[in-house]
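Please keep the structure in view while reading.

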Amino acid sequence: MNADKSISWSYTEGLPVEDETLLRARERSHELGVSAIGAATGALLSVLAASSKAQTAVEIGAGAGVSGVYLLRGLSGHGVLTSIDGDVEHLRAARESFTEAGFPANRTRTISGRAAEVLPRLTDAAYDVVFINADKPSYPLYVEQAVRLLKSGGLLIVNDALDQDRVAEPAVREPSTVVLRQVGKAIRENDRLVSALLPTGAGVLLAVKR
C-alpha cells in the first residue's frame, strides 16, 4: 500500500463520530473483554441495513451491543434485530445498550446459546441481513446457515474477513487465517451469492443472495 492510500484508509476509519450511547457500549465491551467493531465498520452496517430497507436482521455475536445499535439504527422503523450470543453477560450488556439507544423491547430479540445450535432453529428465508462476528472456527457453519436464513436479495455481512490483515499474506497459516480464506473462497464460488470484499476495519465480506 502506498503512503497516500494508507493515509486515506486512516482518514476514512477515523471519520465517523460516535455519540454517548455508543461510547458507553464500548466501555461495556472493554469491561467484558469483548473486541467491538470499529466506528467505520459500524457506520457501514447502518448504511447497508438502511440501503437494503431491511426489516429483519440476525447478528451472531452480540458483544456488548455496539454492532447491534448500528444495525438497529439502519433498520426500518419497525425492524427487529435478533442477537445471538453464548455469554449471558454479553447479552445483558447488549440489552442495556439497546435500551439506552432508545429502542423498545419489541425491536430486539436476544437469544442465549451456542449459535451452532440456535441458528438451525430459525426460519428459512426469513431475514434481510445476517451479520457474523463471532468465533472464527465456526464461520463456515455460520455462513452456510446464513445463506439458508436470508431472503432472496438478503445481505450477508462477515466481519474480520481479512483476519487482521493476515489473509492477504500467503505465508501466514494461522488456523483462523486458513478458515477465513476458505470462507472467502466458498462465498466467491457460491452461485447463489454476489460478493465483494471491503478493507473497512478488519475486513468486511459482503454477499447478496440471488
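A crossing of two helices is right-handed if the near helix is turned clockwise from the far one by less than a right angle, and left-handed if anticlockwise. The model discussed here is predicted.

**Helices H7 and H8**
- H7 covers residues 139–149 and H8 covers residues 175–189.
- Their axes come within 9 Å and cross at roughly 25°.
- Angles under 35 degrees count as roughly parallel, so H7 is roughly parallel to H8.
- The crossing of H7 past H8 is right-handed.
- On the H7 side, Tyr139, Pro140 and Val143 take part; they meet Val179, Leu180, Val183 and Ile187 of H8.
- This contact has seven nonpolar residues, no polar and no charged ones.

**Helices H2 and H4**
- The axes of H2 (residues 20–32) and H4 (residues 66–74) come within 9 Å, crossing at roughly 150°.
- H2 is therefore roughly antiparallel to H4.
- H2 contributes Thr21, Leu22, Ala25, Arg26 and Ser29 to the contact, and H4 contributes Val66, Val69, Tyr70 and Arg73.
- By class, five residues in the contact of H2 with H4 are nonpolar, two are polar and two are charged.

**Strands E2 and E3**
- E2 (residues 80–85) pairs with E3 (residues 108–112) in the parallel sense, over five bridges.
- Ser83 has Thr110 of E3 as its bridge partner.
- Together with helix H5 (residues 88–100), E2 and E3 make a β-α-β unit, and this unit is right-handed.

Definitions and conventions
Residues numbered from 1 in each chain as written. Predicted model: local features only at pLDDT ≥ 70, side-chain atom pairs only at ≥ 80, totals over all residues. Heavy atoms only, no water. Axes fitted to C-alpha atoms, helices over the stretch in contact; angles between N-to-C directions. Helix = DSSP H or I, 4+ residues; strand = E, 2+ residues; numbered from the N terminus. Parallel < 35°, antiparallel > 145°, perpendicular 65-115°, else oblique. Contact = heavy atoms within 4.5 Å. Nonpolar A, V, L, I, M, F, W, Y, C, P; charged D, E, K, R; others polar. Pairing = 2+ DSSP bridges. Right-handed = clockwise from strand over helix to strand, strands pointing away.
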